[in-house]
Amino acid sequence: MEIKIREARFDERAVQLLIAEAMAELGRRYGGSGDDTPVAASDFEPPRGAFLVAYAGDELLGCAGWRAHGPDAELKRMFTVPAARGRGVARRVLAALEESARERGCKRVILETGDKQPEAIALYLNCGYERIEDFGYYKGEEGVLSYARVL
């Protein structure tokens, strides 16, 4: 099946089901809700943000959004469903997200992840992201890793 990427509303029912799956996986890795960072649908509304989904047919395969964080685009809610992993979905979503941020004037993408997500860390490093000082909701917490990539 051909994988396509489109912008979506964060509050779409199908998107929220995908986010719930992502949070459940983070909860299994880290405990609790998985990620308590405050996120609102309005964070991803253009021109100060966007939310992207990857899909094949009617099935959502992955997602990621960015929201303005000062002059930067902050990556949030990056996720690929287990059945679609290893097919380049995350890399394609990340590239589309970077292009979206670049088109809206952002010069850099920043993100916060954790040390229990080795697949995500490998993706970011392979895509040219470099460690930066922690900045976000989990700044100062054990296991937090922050990265950035100049666009």
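This is a predicted model: local features need pLDDT of at least 70, side-chain atom pairs count only at pLDDT 80 or more; totals for chains, interfaces and linings use all residues.
Which residue with a positive phi follows helix 3? That residue is Gly128, and its phi is near 95°.

Helix 3 covers residues 118–126. Its buried residues are Ala120, Ile121, Leu123 and Tyr124. Viewed down the helix axis, they fall within an arc of 160°, so they line one face of helix 3. Pro118 and Asn126 are on the other side, and they are exposed. Several elements cover the buried residues of helix 3.

Is Leu75 buried or exposed? With a relative accessibility of 5%, Leu75 counts as buried. Setting aside neighbours within four places in sequence, its contacts include Tyr124, one of the buried residues of helix 3. Leu75 also touches Ala64, Gly65 and Trp66. Leu94 and Leu97 are in contact with Leu75 too, as are Val109, Ile110 and Leu111. Tyr129 is 54 residues from Leu75 in sequence. In space, the two C-alpha atoms are 12 Å apart.

Asp72 is also in strand 4. Its relative accessibility is 10%, so Asp72 counts as buried. What does its side chain join through a polar contact of 2.8 Å? The partner is the side chain of Arg108. Beyond four places in sequence, Asp72 is in contact with Arg67, Cys106, Arg108 and Ile110.

How many disulfides does the model have? The count is zero, with a pair of cysteine sulfurs required to lie within 2.5 Å. For Cys63, the nearest cysteine sulfur is that of Cys127, 16 Å away. For Cys106, the nearest is again that of Cys127, at 18 Å. Cys63 has a relative accessibility of 0% and counts as buried. Cys106 is buried as well, with a relative accessible area of 9%.

Helix 1 runs over residues 13–30 and has 18 residues. From first C-alpha to last, helix 1 reaches 25 Å, close to the 26 Å expected at 1.5 Å a residue. Its buried residues are Val15, Leu18, Ile19, Ala22, Met23, Glu25, Leu26 and Gly27. What covers them includes strand 2 (49–56), strand 3 (59–69) and strand 4. Gly31 follows helix 1, and its phi is positive, near 90°.

Strand 2 is mostly covered, with eight of its eight residues buried. Gly49, Phe51, Val53 and Tyr55 are buried on one side. Ala50, Leu52, Ala54 and Ala56 are buried on the other. Two strands pair with strand 2. Strand 1 (residues 4–7) runs antiparallel to strand 2, joined by four bridges. Within that pairing, Ile5 has Ala54 as its bridge partner. Strand 3 pairs with strand 2 over eight bridges, also in the antiparallel sense. Here Ala50 stands opposite Trp66, a residue that Leu75 contacts. Strand 2 and strand 3 form a hairpin with two residues between them. Gly57 sits in the turn, with a positive phi of about 65°.

Conventions
Residues are numbered from 1 along each chain as its sequence is written. Side-chain values use heavy atoms; hydrogens and water are left out. Buried means under 20% relative accessible area, exposed over 50%, partly exposed in between (1.4 Å probe, protein chains only). The arc is that of the directions from the helix axis to the C-beta atoms. Contact means heavy atoms within 4.5 Å. The expected span of a helix is 1.5 Å times one less than its number of residues. A polar contact is a pair of N or O atoms within 3.5 Å; within protein, one must be able to donate a hydrogen and the other to accept it, and residues adjacent in sequence count only if both atoms are side-chain atoms. Two strands pair if DSSP finds at least two bridges between them.
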